[in-house]
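Welcome! Take a moment to turn the structure around on your screen, then read on for a short tour of its strands and helices.

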Amino acid sequence: MKLSQFKFKLPQERIAQYPMPFRDDCRLMVLHKKSGVIEHREHFYDILEYFDEHDVFVFNDTKVFPARLEGNKEKTGAKIEVFLLRELNPNMRLWDVLVEPARKIRIGNKLYFGEDESMVAEVIDNTTSRGRTLRFLYDGPHEEFKEALYALGEAPLPRQMITRKAEPQDMEDFQCVFAKNEGAVTAPASGLHFSKHLIKRMEIKGIDMAYITLHCGLGNFRDIDVEDLSKHKMESEEMHVSAEACEMVNNAKAEGRKVCAVGTTVQRAIETALGADNRLKEFDGWTNKFIYPPYDFGLADAMIANFNLPYSTLLMLTCAFGDYDLVMTAYKEALRDNRYRFGTYGDAMLILND
């Protein structure tokens, strides 16, 4: 398929800038693949009506850290935005980062953070046109350093969707209630709709929950610059699938139960870790799997997705699972109905294979 097939006109005002007051109170659109029926539900928590005891929801338990910092360049005092991507070496305080504006930063430059400029970093490498490696000059213990560094950061809201400045509440809102393993610079958006109350209702109904980890990176929001999708390369993301998750998912499949992938990151992870026998395997490593139509999924019977932006890899994966024509028809319906909200803080879609 071609990039241009994922074009649609999305008014900026349809992109949600804030989450709903209650996580599970957004709207839910339900797509039935076999019949082509599209349902509109007023509340996300209605999703439990489509699942039975011992069906399995697979969640991504990655945890977002406050990755966006604002610093000042030495001598000139120029404001520089630093986006932390990943810690390279804890002992040496080395971090892989993006900087804006990149043209102002050279190897050897020092950056100062905080009102008292007590946190200092030195640029030691140019990794890409925008990327840099920073060495933070900090003498205390590592945990103390991380705490001080994170205190300076803010929620890394995706600028393509959320154009306002981050607020303190966003670090809680932009985090799944089951988040556990730190390493993401953006939230697995479909998981944001699950409240503690909804998870408790799932437990009462007997729905099982498996957890995998995929540390979501900025590659999910990068522009695709090729028309032929087979030539696009996804950025690698670290992921882990435990033996416990494999056992729960594989047993459910063997018993004919539904397995629901909560979000595109979960789909990419379980398809990466899928064996030739269509059983989920333990995995510790990295994935750059890019899923777009046509694609033959081997595991999930259902999937939850947000309403994503045009041209996005997230939309492409959703179309691959839900059928291109059906998903794009659903998007047209959502655009006609002004109540549907798009983006990270937007509404949700449930796709069922039945």
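## An enclosed strand

Let's start with strand E5, residues 68-73: five of its six residues are buried, so the strand is largely enclosed by the rest of the structure. Keep in mind as you look that this is a predicted model.

E5 has two strand partners to find. With strand E6 (residues 79-89) it pairs in the antiparallel sense over five bridges, and Leu69 stands opposite Val82 there. The hairpin of E5 and E6 has five residues between the strands, and in this hairpin Lys75 takes a positive phi near 70°. With strand E8 (residues 110-113), E5 pairs over three bridges, again in the antiparallel sense. Here Lys73 has Leu111 as its bridge partner.

## Closing the barrel

Now step back to see where these pairings lead. Six strands close into a barrel, in the order E5-E6-E7-E10-E9-E8, with antiparallel pairing. From one strand to the next, the twist averages 45°.

Another pairing to trace is that of strand E7 (residues 94-100) with strand E10 (residues 131-137), which is antiparallel and has five bridges. Look for Leu94, which stands opposite Arg135 in E10.

How do helices H5 and H6 cross? The axes of H5 (residues 264-272) and H6 (residues 313-322) come within 10 Å and cross at roughly 65°, which makes H5 roughly perpendicular to H6. Their crossing is left-handed.

At the contact, Thr264, Gln267 and Arg268 in H5 meet Leu314, Leu317, Thr318 and Phe321 in H6. Sorted by class, these are three nonpolar, three polar and one charged residues.

Technical notes:
Residues numbered from 1 in each chain as written. Predicted model: local features only at pLDDT ≥ 70, side-chain atom pairs only at ≥ 80, totals over all residues. Heavy atoms only, no water. Pairing = 2+ DSSP bridges. Helix = DSSP H or I, 4+ residues; strand = E, 2+ residues; numbered from the N terminus. Axes fitted to C-alpha atoms, helices over the stretch in contact; angles between N-to-C directions. Parallel < 35°, antiparallel > 145°, perpendicular 65-115°, else oblique. Left-handed = near helix turned anticlockwise from the far one by under 90°. Contact = heavy atoms within 4.5 Å. Nonpolar A, V, L, I, M, F, W, Y, C, P; charged D, E, K, R; others polar. Buried < 20%, exposed > 50% of the residue type's maximum accessible area, 1.4 Å probe, protein only.
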